[in-house]
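Below is a short report on one protein chain. It moves from single sites to helix packing and then to the chain as a whole.

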Amino acid sequence: MEGLLVLCFLLFYFASTTVLAAEEKNGDYTAEDLNETEMIHESGEELRVESEEVVDEEPTEEDVVTIQSYTAEITGLTWVMRDTYIDVGAAYTTNDPNVQFRWLEYNLDTEQWRTIAGWNGGNWASWKSSVGDYWLHCEMRTSDGQVVTKTMSFHYTAGNLKITGTYAGFTEAYDTTVLLGMTGSLTSGVKYSFKIYNVDTGVWTSISDKKVNNWVTWGAKTGTYWTHFELYTDDGRLADTKTYAFGSTEPVRRALIMGETSTNQVPIGDVDNMNLLNINSTYYGKPFYSSVKFANKTKAQIISKIQTTFADTVDSDVSYLYFTCHGGDGGKLYLEPNQLTFTPLELRNIIDTYIKGKVVIVIDSCHSGGSINKDSTDDLEEFASSFIQVFEDESKSGELQSDRFAVLCSSRNDEPSYGGSTVSVATKYWLEGAGWSVTSGSICSLFADSNGDNKVSLDELYQYSYDKVVKYMDNQQHIVCSPEGSEIVLFGRY
């Protein structure tokens, strides 16, 4: 009986201890969790139970998993203007010492993304793009892969590079050649483009594309245009543009060819060949509107013919008066067999009355240089001053200063001019220099065209014929002109 009581007591104690241990584990009990040994079978009247002692140990580093969380925020974007680009930067806060940044642009015109700078540890980048409207986008990434962003709208310009001035104006050539130019805030390391938009046809034309020369010429025709200026960085990024309206009217060219050829000294070939030169000249593909021969007429008839020939002239036109005849001191012209004369002052008054625009006067006669020599007679001084009077157009188109008259004479005031069997000496070399051969009766090279632009200016024709006449006449006859160095185009084929 006593043995049975002892056995019951042991079983109750063992069960109570096991339940308490299981409650302390806050989970299901297993023998393995408590590291208990298996029970030993009975031996005699006693039951022995053995167990291993449970030992508490400190955990190692391998047993511990650490989770670190970083914070990051881009608080603002800033920029610094350089000469030809923009430095962009980000202000930020973070507890991560190893954050990285990436910069991108989104072009609102092309709807394309482009990387400005890839992932790197710097919060600044150099932004090099073309002028336009963009989204500037900055990304910041932490070491654990978090990405925060900030975006702002931005009108981009290539740093401080700007167009500081533009120019569009007709040149002294007086053939609707337009000089285009621009200046920028930098004078080196930049490129220039010039474009023309024809409002009437809707067509763009490139005059010069990304060149280092900031001056170009453009042959305008009658019409309404936009002149468009573009400034680029040295690596080809568009920095700035300017566009202006521009109107052009091609000059109408009319010629009246006069001469008193009743004597052997003044050949009719002067009149005939000068007319052929005019007929075969073209200016941006446009010929003379009219070229009229009018030889051996009276003074009254000449005045009337000048009036009718040039009745429709306007300020943009170019009118030609050619005279071949005998001449007198001070530039007098003997245009009738009875030697009734035109004085320079009379001719000046006739021109003022009946002709508008530019006037080219070519005279092959003795003493013809007196018409542009201020040291001759009083009448001559008045005439010469009116010929070389300069007018200035201050309109927005920016036209260059230009002379009212261009005068080419066969001899000085104190010299004779010499004729020939077919044409006069001076006229022969004027024709030859301007592209007409008297010998072959056909067009020839533009021998006076010294710069190869297919145009013969007053200065070029003067220089060519001066040398030829001086050599041919053994220094007895000298061509003169006014104004000297003039670039007005007299003849050409272009």
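Ser 365 counts as buried, because its relative accessibility is 1%. Buried means under 20% relative accessible area, exposed means over 50%, and partly exposed is in between, with a 1.4 Å probe and protein chains only. This is a predicted model: local features need pLDDT of at least 70, side-chain atom pairs count only at pLDDT 80 or more, and totals for chains, interfaces and linings use all residues. Residues are numbered from 1 along each chain as its sequence is written, and side-chain values use heavy atoms, with hydrogens and water left out.

Ser 365 sits in the loop between strand 23 (358–364) and helix 6 (378–387). Helices (H or I, at least four residues) and strands (E, at least two) are DSSP runs, numbered from the N terminus. Not counting residues up to four places away in sequence, Ser 365 touches Cys 325, His 326, Gly 327, Leu 333, Ser 410, Ser 411 and Ser 417. Contact here means heavy atoms within 4.5 Å. His 367 is found in the loop between strand 23 and helix 6. His 367 counts as buried, at 19% relative accessibility. His 367 is not a glycine, yet its phi is positive, at about 60 degrees.

How many of the 10 residues of helix 7 (residues 425–434) are buried? Eight are, so helix 7 is largely enclosed by the rest of the structure. The buried residues are Val 425, Ala 426, Thr 427, Tyr 429, Trp 430, Leu 431, Gly 433 and Ala 434. Just after helix 7 comes Gly 435, with a positive phi of about 105 degrees.

Helix 3 (residues 269–279) packs against helix 7. Their axes come within 10 Å and cross at roughly 15 degrees. Axes are lines fitted to C-alpha atoms, for helices over the stretch in contact, and angles run from 0 to 180 degrees between N-to-C directions. Helix 3 and helix 7 are therefore roughly parallel to each other. Angles under 35 degrees count as roughly parallel, over 145 as roughly antiparallel, 65 to 115 as roughly perpendicular, and the rest as oblique. The crossing of helix 3 and helix 7 is left-handed. Helix 3 contributes Asp 270, Asn 273, Met 274 and Leu 277 to the contact, and helix 7 contributes Thr 427, Leu 431 and Ala 434. A crossing is left-handed if the near helix is turned anticlockwise from the far one by less than a right angle, and right-handed if clockwise.

Asn 278 also lies in helix 3. Asn 278 counts as buried, at 2% relative accessibility. Leaving out residues up to four places away in sequence, Asn 278 touches Ala 255, Ile 257, Phe 288, Ser 291 and Phe 491.

## Helix 4 and helix 5

Helix 4 (residues 299–309) and helix 5 (residues 344–354) pack at an angle of about 30 degrees, and their axes are 9 Å apart. Helix 4 and helix 5 are therefore roughly parallel to each other. Their crossing is right-handed. On helix 4, the contact is made by Lys 299, Ile 303, Ile 306 and Gln 307; on helix 5, by Glu 346, Ile 350 and Tyr 354.

## The loop at Asn 123

Where does Asn 123 lie? Asn 123 is in the loop between strand 4 (112–120) and strand 5 (124–127). A polar atom of the Asn 123 side chain lies 2.8 Å from the backbone oxygen of Ala 90.

Leaving aside neighbours within four places in sequence, Asn 123 is in contact with Val 88, Gly 89, Ala 90, Tyr 92, Phe 101 and Trp 103. Tyr 92 is 31 residues away along the chain, and its C-alpha atom is separated from that of Asn 123 by 8.8 Å.

## Backbone features elsewhere

Lys 210 lies in strand 11 (residues 203–211). Lys 210 has a positive phi of about 50 degrees, although it is not a glycine. Lys 210 is partly exposed, with a relative accessible area of 36%.

A cis peptide bond joins Ser 482 and Pro 483, with omega about 0 degrees. Pro 483 is in the loop between strand 30 (480–482) and strand 31 (489–492).

## The whole chain

The protein chain has eight helices and 31 strands. Of its 494 residues, 44% are buried. Among contacts between residues at least 6 apart in sequence, 64% join residues at least 24 apart.

Terms used: Polar contact = N/O pair within 3.5 Å; in protein donor to acceptor, adjacent residues only side chain to side chain.
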